[in-house]
Amino acid sequence: YERYKFSFTIRDSQSDYINATCWGSEQNIYKIFQAFRINDIVELRNVLVQVKPSGDDDKWRPSTHSTMELNLSAVHSSVRLYSGWDYTEFASLVHIPIRSATECYKLRDVVTAGHKLSGSHINLLVAVKNVTLKFLCWLLW
């Protein structure tokens with residue numbers, strides 16, 4: 001049985017954001033991946049709230065202040081574009097970074113002093129040019 005995952009970070013205020021992970025088959029994960037883009041306002045349904053485990057898996061996702069995380073089943077949960085009439089309070093959030101610019105390195109600093117930063121985890125505030133999906137497969141015995 002192959003299991004795939006797709007992770008993303010969501011927010012509903014200037015200070016509150018949390019990581020979400022969707023688990024399922026390759027086809028179901030791809031369907032959810034195609035359902036929304038960066039800056040879309042979405043509704044999440046039938047989401048499981050769990051304590052965020054400590055460990056290496058978190059290093060692949062943005063750090064959050066929350067001790068919780070959201071897990072979605074590709075079969076039982078849903079991610080849909082919000083179709084309500086009032087989304088202005090959420091739309092304004094897309095222009096507010098989750099980190100202050102003072103907490104972030106510039107790409108210039110990484111290029112010029114990268115050897116000093118090697119092995120460090122840093123914050124960057126950058127514009128995203130492209131997002132692609134790469135599947136990683138875990139075989140569950």
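Trainee: Is Phe-36 buried or exposed?
Mentor: In this predicted model, Phe-36 has a relative accessible area of 13% and is therefore buried, the cut-off being under 20%.

Trainee: And how many aromatic pairs are there?
Mentor: The count is 5 aromatic pairs. In one of them, the ring centres of Phe-6 and Phe-33 are 5.4 Å apart and the planes stand at 85 degrees, so this pair is edge-to-face.

Trainee: Where do Phe-6 and Phe-33 lie?
Mentor: Phe-6 belongs to strand β1 (residues 2-11) and Phe-33 to helix α1 (residues 26-35), so the pair ties together parts 27 residues apart in sequence. Phe-6 is buried, at 13% relative accessible area, and Phe-33 is buried as well, at 11%.

Trainee: What about the rings of Phe-6 and Phe-36?
Mentor: Their centres are 6.0 Å apart and their planes are at 50 degrees, so that pair is tilted. Phe-36 lies in the loop between α1 and β3 (42-45), so its pairing with Phe-6 in strand β1 ties together parts that are 30 residues apart in sequence.

Trainee: Which residues form the aromatic cluster?
Mentor: One cluster is formed by Phe-6, Phe-8, Tyr-30, Phe-33 and Phe-36.

Trainee: Changing topic, where is Thr-64 found?
Mentor: Thr-64 is in the loop between β4 (48-51) and β5 (68-73). Its relative accessibility is 12%, so Thr-64 counts as buried.

Trainee: Which side chain does Thr-64 join through a polar contact?
Mentor: The side chain of Lys-52, at 3.0 Å. Leaving aside residues up to four places away in sequence, Thr-64 touches Tyr-17, Ile-18, Asn-19 and Lys-52.

Definitions and conventions: Residues numbered from 1 in each chain as written. Predicted model: local features only at pLDDT ≥ 70, side-chain atom pairs only at ≥ 80, totals over all residues. Heavy atoms only, no water. Helix = DSSP H or I, 4+ residues; strand = E, 2+ residues; numbered from the N terminus. Buried < 20%, exposed > 50% of the residue type's maximum accessible area, 1.4 Å probe, protein only. Polar contact = N/O pair within 3.5 Å; in protein donor to acceptor, adjacent residues only side chain to side chain. Contact = heavy atoms within 4.5 Å. Phe/Tyr/Trp six-rings, centres within 6.5 Å; stacked < 30°, edge-to-face > 60°.
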